[in-house]
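Work through the exercises below with the coordinates open. Try each task before reading its solution.

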Amino acid sequence: MIDFIKLIALAIVQGATEFLPVSSSGHLVLTQSFINLEVEGVLIELLLHVGTILSIFIFYRKRIIELIVGVFKGERIALFYLLWVIVSMIPAGLLYIAVGDYIKNIYDNHIAVAILLLVTGSLMLSFRFLDKRESNKTLSPIKAFLIGCAQAFAVLPGISRSGSTIWTARLLRIKPEQAAEFSLFMSIPIIIGATLLELIEAENTTAVLETYSMVELLVAMFVTAFVGCLAIKLLVKTLVNRKFWIFGIYCFVVAITSLAVALLG
């Protein structure tokens, strides 16, 4: 029962932090370290990632269907949007190939994770100034690449993927709703790619079934999806209402608390 509670807690953390600008990887590292919330298993990671992707498909179902239909019809706008998503993937892929092994070592350095979370907090607080500027620009291949560069840096635990990409989009004067949508859409291939890499590198993907039943794992997946939908709704609402900077305060509180625990403990 305790193992199942930990699994659900991990699903909630994953669903909430994957989309909110607070760094899901950073939160997972810190929670696993400081409150012993450690649930291992590639199959678990796979299902939780499926849950996060499911959140995007549920929340943006009409828009996704519209884009898919548009691509098959050869509509220019839909094809360009697909091109922008593909372009945004390039920087993250190149960075992972270049320094992927080094980045993995940072996950064991809780002080570094907390410091990187302070960087995310600083970016979020800067929305107090970004939101005062006029938003009248649309996406383009160059802007998609620049936003993709921001996504590449988010491979560092503590740097929020959604936060850094939306921050860059807003810096480029992209409208809030479009910035949020593109940030979430461009995360789909990244999450799928990361999941496939984990499966390829894993030696045993079924050992986790000795601890959890498939029903428990599916429950965790749907919990992640449900919490993820709520997180996306909150993300869009705070961004549109010019309240995104609030997440900066949260990041600072978590980071400073984590640093205190790591240094004094």
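The exercises cover the fold, the salt bridges, a pocket and a surface patch.

This is a predicted model, in which local features need pLDDT of at least 70, side-chain atom pairs count only at pLDDT 80 or more, and totals for chains, interfaces and linings use all residues. Residues are numbered from 1 along each chain as its sequence is written, and side-chain values use heavy atoms, with hydrogens and water left out.

**Exercise 1. The fold**

Task: Count the helices and strands of the protein chain, then find what share of its residues is buried.

Solution:
- Take helices (H or I, at least four residues) and strands (E, at least two) as DSSP runs, numbered from the N terminus.
- The chain then has 13 helices and 0 strands.
- Call a residue buried under 20% relative accessible area, exposed over 50%, and partly exposed in between (1.4 Å probe, protein chains only).
- By that rule, 47% of the 265 residues are buried.
- Take L47 in helix α3 (residues 42–59) as an example. L47 is buried because its relative accessibility is 11%.
- Now check a contact across the sequence. L47 and F222 lie 175 residues apart in sequence, yet their C-alpha atoms are 9.0 Å apart.

**Exercise 2. The salt bridges**

Task: Find the salt bridges of the whole structure. Which residues do shared partners join into one network?

Solution:
- Search for a side-chain nitrogen of Lys or Arg within 4 Å of a carboxyl oxygen of Asp or Glu.
- The search returns 3 salt bridges.
- Start with R63 and E66, whose closest N and O atoms are 2.9 Å apart. Both sit in helix α4, 3 residues apart, so about one helical turn separates them.
- Next, R63 pairs with E181 at 3.1 Å between the closest N and O atoms. This pair links distant parts of the chain: E181 is in helix α10 (residues 176–185), R63 is in helix α4, and 118 residues separate them.
- E181 has a relative accessible area of 12%, so E181 is buried.
- Then take R170 and D131, with an N to O distance of 3.2 Å. R170 is in helix α9 (residues 161–171) and D131 in the loop between α7 (127–130) and α8, 39 residues apart.
- R170 is buried at 1% relative accessibility. D131 is buried too, at 11%.
- Shared partners join R63, E66 and E181 into one network.

**Exercise 3. The second largest pocket**

Task: Describe the lining of the second largest pocket by helix and by residue class.

Solution:
- Work on a 1 Å grid over the protein atoms alone: a pocket is an open set of points where a 1.4 Å probe fits, with protein on both sides within 12 Å along at least five of seven lines, and lining residues have an atom within 4 Å of a point.
- The volume is about 350 Å³.
- The lining has 13 residues, and I64, L67, I68, L82 and F185 lie nearest the centre.
- α4 (61–73), α5 (76–106) and α11 (187–201) each give at least two lining residues. The largest share, 5 residues, comes from α4.
- Sort by class: 13 are nonpolar, none polar and none charged.

**Exercise 4. The nonpolar patch**

Task: Which residues make the nonpolar surface patch?

Solution:
- Keep residues with over 30% relative accessible area and no salt bridge, and join nonpolar side chains (Val, Leu, Ile, Met, Phe, Trp, Tyr) within 5 Å.
- I90, L94, I142, F145 and L146 form a patch of about 470 Å².
- α8 (141–153) and α5 each supply at least two of its residues. The largest share, 3 residues, is from α8.
- I142 belongs to α8. I142 is exposed because its relative accessible area is 62%.

Conventions: Grid points are joined across faces, edges and corners, and a volume is the space filled by probe spheres set on the points. Ala, Val, Leu, Ile, Met, Phe, Trp, Tyr, Cys and Pro count as nonpolar, Asp, Glu, Lys and Arg as charged, and the others, Gly among them, as polar. Patches are made of residues with over 30% relative accessible area and no salt bridge: like charges are joined within 9 Å, nonpolar side chains (Val, Leu, Ile, Met, Phe, Trp, Tyr) within 5 Å. Accessible areas come from the Shrake-Rupley method with a 1.4 Å probe; for residues, only the protein chains shown count as cover.
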